[in-house]
Amino acid sequence: MNTSADNSLLLGGGKGRGLSAVLFPGSFDPFTKGHADIVRRALLMFDEVVIGVGYNGNKAGAVSPEERVEKIGKLYADNPRVRVDCYSGLTADFAKANGVVAIVRGVRSFADYEYEMQMADVNRQLFGIETIILPATPELAALSSSVVRELSHFGHDVSDLLP
Ligand code: ADP
């Protein structure tokens, strides 16, 4: 019971293809060290991590999704196991289109946990996609994109918070 085929069945997908991919969806506005930590840990469990920059037309961020994809892509340019793309619409549809076996999300707080549990439930019940929830590394648990945006808005150097 210890073959990769068994493992992929355990994860609810993969079907013994040998390669398993996971989707890490988010706004990534901007992509922080906290996000990079989730990618690093997801790579310990999956062959490939697809970073999906999600956006909806109404909520334009300071940096366009395409620019975010380009920036994140540069960080992982030397890592063939990381792919970056953007999408609008349902995360579940993007997950299916990319053939991933699961979604991975990070959780920093009880508030995050409640939200993630709800989303995970919807994605499992309606779309048959499992979510793996990784607890934030404690030193990074206070780090969020909104904190970074706020600090840089007021002229603080945020380079320590970014990968
Ligand atoms: P969204 O707008 O979809 O919540 P974010 O870009 O804010 O997207 O975050 C994407 C994912 O990364 C979420 O699951 C979030 O909880 C997680 N995340 C954000 N910051 C951290 C951090 N410092 N440590 C661990 N996970 C994080």
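Q: Hi! What should I know before I start, and how are residues numbered?
A: Residues are numbered from 1 along each chain as its sequence is written. The model is predicted, and local features need pLDDT of at least 70, side-chain atom pairs count only at pLDDT 80 or more, while totals for chains, interfaces and linings use all residues.

Q: Thanks. What's the order of the strands in the sheet?
A: The sheet is open, has five strands in the order 3-2-1-4-5, and its pairing is parallel. Strands here are DSSP runs of E with at least two residues, helices are runs of H or I with at least four, and both are numbered from the N terminus. Two strands pair if DSSP finds at least two bridges between them.

Q: Which strands stand at the edges?
A: Strand 3 and strand 5 (130–135) do; each has a single partner strand, so one side of each is left without a neighbour in the sheet. From one strand to the next, the twist averages 30°. For angles, axes are lines fitted to C-alpha atoms, for helices over the stretch in contact, and the values run from 0 to 180 degrees between N-to-C directions.

Q: How many bridges join strand 1 to strand 2?
A: Six, between residues 21–26 and residues 48–55. Phe-24 stands opposite Ile-51 there. Strand 2 is also joined to strand 3 (residues 82–88), by seven bridges, with Gly-52 opposite Asp-85.

Q: And what about strand 4, which residue there partners Leu-23?
A: That's Ile-103. Strand 1 and strand 4 pair over two bridges. Strand 4 is joined to strand 5 by six bridges, and Val-104 faces Ile-132 across that pair.

Q: Where do the helices come in?
A: Helix 2 sits in a right-handed β-α-β unit with strand 1 and strand 2, and helix 5 is in another with strand 4 and strand 5. Right-handed means that, with the strands pointing away from the viewer, the path from the first strand over the helix to the second runs clockwise.

Q: Which strands does helix 5 lie across?
A: Strand 4 and strand 5, running at about 165° to strand 5. Helix 3 (residues 65–75) lies across strand 2 and strand 3, at about 170° to strand 3. Contact here means that the C-beta atoms of two residues, placed from the backbone, lie within 7 Å.

Q: Why should helix 5 span 26 Å?
A: Because its 18 residues (110–127) are counted at 1.5 Å a residue, and its end C-alpha atoms are 25 Å apart, which agrees. The expected span is 1.5 Å times one less than the number of residues. Just after helix 5, Gly-128 takes a positive phi of about 70°.

Q: What's in the loop between strand 1 and helix 2?
A: Pro-30 lies there, and a cis peptide bond joins Asp-29 to Pro-30, with omega about 5°. Phe-28 is in that loop too, and its phi is near 50°, a positive value in a residue other than glycine. Most residues other than glycine have a negative phi, and most peptide bonds are trans.
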